[in-house]
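I opened my notebook to look up a few things in this structure. Here are my entries.

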Amino acid sequence: MKAQLGGDEGKHKFVLKTPKGTRDYSPKQMAIRERVFNAIITCFKRHGAEVIDTPVFELKDFDIAGQFDPMIPDAECLKIVHEILSDLQLGDFLIKVNDRRILDGMFAVCGVPDSKFRTICSSVDKLDKMPWEEVRSEMVGEKGLSPEAADHIGEYVQLHGGLDLIERLLQDPKLSQNKLAKEGLGDMKLLFEYLTLFGITGKISFDLSLARGLDYYTGVIFEAVLLQQENDHVEESVSVGSVAGGGRYDGLVGMFDPKGRKVPCVGVSIGIERIFSILEQRVEASEEKIRTTETQVLVASAQKKLLEERLKLISELWDAGIKAEVLYKKNPKLLNQLQYCEDTGIPLVAIVGEQELKDGVVKLRVVATREEVNVRRENLVEEIRMRTSQP
């Protein structure tokens with residue numbers, strides 16, 4: 001990581017260059033990225049994850065391979081996605097949930113030959129973008145599925161709901177006869193009971209058309225999509241794309257397991273690039289001011305010949321861990337110093353003047369309200385911390 005210092009007209013910035021990634025980001029973009037990373041990492045840490053290079057939530061106690069009760073970790077993964085998307089305030093979202101076993105069981109009872117499971121699966125997965133009629137004709141016309149089997153599938157894949165739907169399918173004469181589907185539905189019921197305890201079922205939909213990544217996942221699968229009202233008059237929300245996904249998979253053999261057994265894992269991946277571009281567009285559209293620095297205070301002076309005093313004071317602040325800046329000018333005009341704070345969003349100005357120095361105080365100005373208070377020099381650090389602490 002390299003730091004550069006550029007000076008121009010008394011305005012200055014340290015630009016931290018991070019070597020990762022191929023494109024350069026502007027300070028504004030970096031501020032948005034950092035906010036997203038912080039939200040994600042804070043959430044993962046809140047749930048006891050060890051942060052590795054990419055924040056992926058994996059289960060701990062791997063020495064006991066898969067000896068945990070079903071659906072508790074899966075429910076926590078969904079809670080994590082719910083927390084992150086709520087925290088980032090991306091707008092309305094929905095987390096769709098399904099299970100590989102339910103899909104496989106459904107295909108079996110609908111008369112899909114084993115050899116066609118995967119290819120029919122990829123057709124089902126297009127239901128969020130295409131109407132059922134088009135998906136059906138692809139199944140029958142291009143993929144050679146019998147029209148009867150396609151119609152049977154149609155009865156199921158257009159269903160979505162919550163516990164009521166799961167209960168209904170557990171009673172379904174065909175599905176309930178299939179061992180895989182029954183197992184998957186039993187676990188799905190358990191999952192929704194835990195999600196109810198977490199209080200998040202309002203944003204979660206058991207959706208039989210969700211068929212992502214099935215070469216990889218072996219149990220629960222989920223995908224979070226952002227929703228957008230098509231227009232003010234219509235209740236119906238449309239999906240504007242996936243921002244997170246994941247599911248349960250049999251881990252790589254020997255991963256985290258000394259005896260080389262397969263370890264069941266539940267994975268979450270967050271579509272970070274997608275989230276960045278959504279937030280960037282939103283900031284552009286709203287002309288919202290995004291702070292690109294975390295500076296708490298600008299050390300300023302109202303008269304000439306006070307550069308040494310400004311440097312002495314800023315050094316005290318830095319040593320106390322305060323994020324502070326000073327303009328690189330011997331005798332900057334007070335107005336320019338205040339304007340700099342307005343432009344960059346620095347909330348406080350610590351003003352030193354001859355009178356203040358005599359009295360052993362510093363004048364602290366709140367940029368937003370223009371309120372000014374004299375603070376004894378020994379209390380300045382505490383006062384700045386108090387006024388800039390995050391709520």
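**Entry 1: the sheet**

What is the order of the strands in the open sheet of five strands? I read the order as E10-E9-E11-E12-E13, with mixed pairing. I noted that this is a predicted model, where local features need pLDDT of at least 70 and side-chain atom pairs count only at pLDDT 80 or more, while totals for chains, interfaces and linings use all residues. Residues are numbered from 1 along each chain as its sequence is written, and side-chain values use heavy atoms, with hydrogens and water left out.

I wrote down the terms I needed. Helices (H or I, at least four residues) and strands (E, at least two) are DSSP runs, numbered from the N terminus. Two strands pair if DSSP finds at least two bridges between them.

**Entry 2: strand by strand**

I followed the pairing across the sheet. Strand E9 (residues 297-301) pairs with E11 in the parallel sense over five bridges. Here Leu298 has Val349 of E11 as its bridge partner. E11 also pairs with strand E12 (residues 361-366), in the antiparallel sense over four bridges. There Val349 stands opposite Arg365 of E12. E12 and E13 pair in the antiparallel sense over five bridges. In that pair I found Val361 opposite Arg376 of E13.

Then I checked which helices pack on the sheet. Helix H11 (residues 334-344) touches E9, E10, E11 and E12 (contact means heavy atoms within 4.5 Å). The direction of H11 makes about 175° with that of E9. Helix H13 (residues 380-388) touches E9, E11, E12 and E13. The direction of H13 makes about 10° with that of E12.

**Entry 3: inside E11**

Is strand E11 (residues 348-352) largely enclosed or open? Five of its five residues are buried, so E11 is largely enclosed by the rest of the structure. Buried means under 20% relative accessible area, exposed over 50%, partly exposed in between (1.4 Å probe, protein chains only). I looked at both faces of E11, and both are covered. Leu348, Ala350 and Val352 are buried on one side, and Val349 and Ile351 on the other.

**Entry 4: two helices**

I moved on to helix H2 (residues 72-87) and helix H8 (residues 179-198). They pack at an angle of about 45°, with their axes 9 Å apart. H2 and H8 are therefore oblique to each other. Angles under 35 degrees count as roughly parallel, over 145 as roughly antiparallel, 65 to 115 as roughly perpendicular and the rest as oblique.

Which residues meet in this contact? From H2 I listed Ile72, Asp74, Ala75, Glu76, Leu78 and Lys79. They meet Leu191, Tyr194, Leu195 and Phe198 in H8.

**Entry 5: two loop residues**

Most residues other than glycine have a negative phi. I looked up two with a positive one. Gln89 has a phi of about 50° and lies in the loop between H2 and strand E3 (93-99). At 59% relative accessibility, Gln89 counts as exposed. Arg370 has a phi near 65° and lies in the loop between E12 and E13. At 57% relative accessibility, Arg370 counts as exposed.

Notes: Axes fitted to C-alpha atoms, helices over the stretch in contact; angles between N-to-C directions.
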